[in-house]
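The following exercises are to be worked with the sequence and the coordinates at hand. Each task is followed by a solution in steps.

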Amino acid sequence: MQESDSHAQGDALEVVNRNGTSPVLLLCEHASSNIPARYDGLGLREADRLSHAAWDPGARAVALHMSKALDAPLVASTVSRLVYDCNRPPEAVSAMPEKSELVVVPGNKNLTAEQRLERVETVYNPFCATVSDVIKARKEAGLQTMLVTMHSFTPVYFGKPRAVEIGILHDDDSRLADAMLAEAPALPHRRVERNEPYGPADGVTHSLKIHGLANGLANVMIEIRNDLVATPEQEEAMAEEMLTLLRPALAALAAEGGPDA
């Protein structure tokens, strides 16, 4: 596994700006559509391998802009979520789905216990261990930490258009989400909603729970409709919009005693 202050690619993940001093720790679990050769493309058609089913288009690029602007560390998966979804626990069916929306995944059908374990050990465990290591190192360095996970979603799901443009998601701890939503009027051109297009009941807050809640860290999951981050210019502009919500939210939490207080 390679790690550097740039966009270092590793077997399962990349770490960008590991020693960043911002209170923010960025995660991007669905950053890549890459399917390692050992999985033989999962039997997918080329179009499906590049579709939103395989990754979150634009999420990594927005996260990278935010990492640079905030001086924040970023941990991102470099393996398609169809191989293993790092925002799901190993026991979840959706961790290695046989079907994602309308996309059938032949390489995930009838996986043996050994095959599932191999993916857990080579994709999920390294990602989680690295996040835990970064959180531990930051604590030892006296740095406060709040967790921000970056995602994107398709504008049409099972044939139904989605009007929401930005989702601010949370589980039991809504401190950071509340603070960001309070800033939503600063983006009057955007439709910003709480726990949309997904929420805790959909099983999407796994990372928030095991890395945020379990460590007492304020946390939030940001979902961006992917037609709004379809070009490099849109990605950079959207990163600025997310910072418009996040920076004052961070300041508000700090005034209350710190993001992990």
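**Exercise 1.** In which loop is His-170 found? Determine also its burial and its contacts.

*Solution.* The model is predicted: local features need pLDDT of at least 70, side-chain atom pairs count only at pLDDT 80 or more, and totals for chains, interfaces and linings use all residues. Residues are numbered from 1 along each chain as its sequence is written, and side-chain values use heavy atoms, without hydrogens and water.

Step 1. His-170 lies in the loop between strand 9 (166-169) and helix 4 (175-181); helices (H or I, at least four residues) and strands (E, at least two) are DSSP runs, numbered from the N terminus.

Step 2. With a relative accessibility of 10%, His-170 counts as buried (under 20% relative accessible area, 1.4 Å probe, protein chains only).

Step 3. Beyond its neighbours within four places in sequence, His-170 is in contact (heavy atoms within 4.5 Å) with Ala-177, Arg-194, Asn-195, Pro-200, Thr-205 and Leu-208.

**Exercise 2.** Which way do the residues of strand 1 point, and how does strand 1 pair with strand 3?

*Solution.* Step 1. In a regular strand, side chains alternate between the two faces of the sheet.

Step 2. Leu-13 and Val-15 point one way from strand 1 (residues 13-16), Glu-14 and Val-16 the other way, and all are buried.

Step 3. Strand 1 pairs with strand 3 (residues 74-77) in the antiparallel sense over four bridges; pairing requires at least two DSSP bridges. Val-15 stands opposite Val-75 of strand 3.

Conventions:
Buried < 20%, exposed > 50% of the residue type's maximum accessible area, 1.4 Å probe, protein only.
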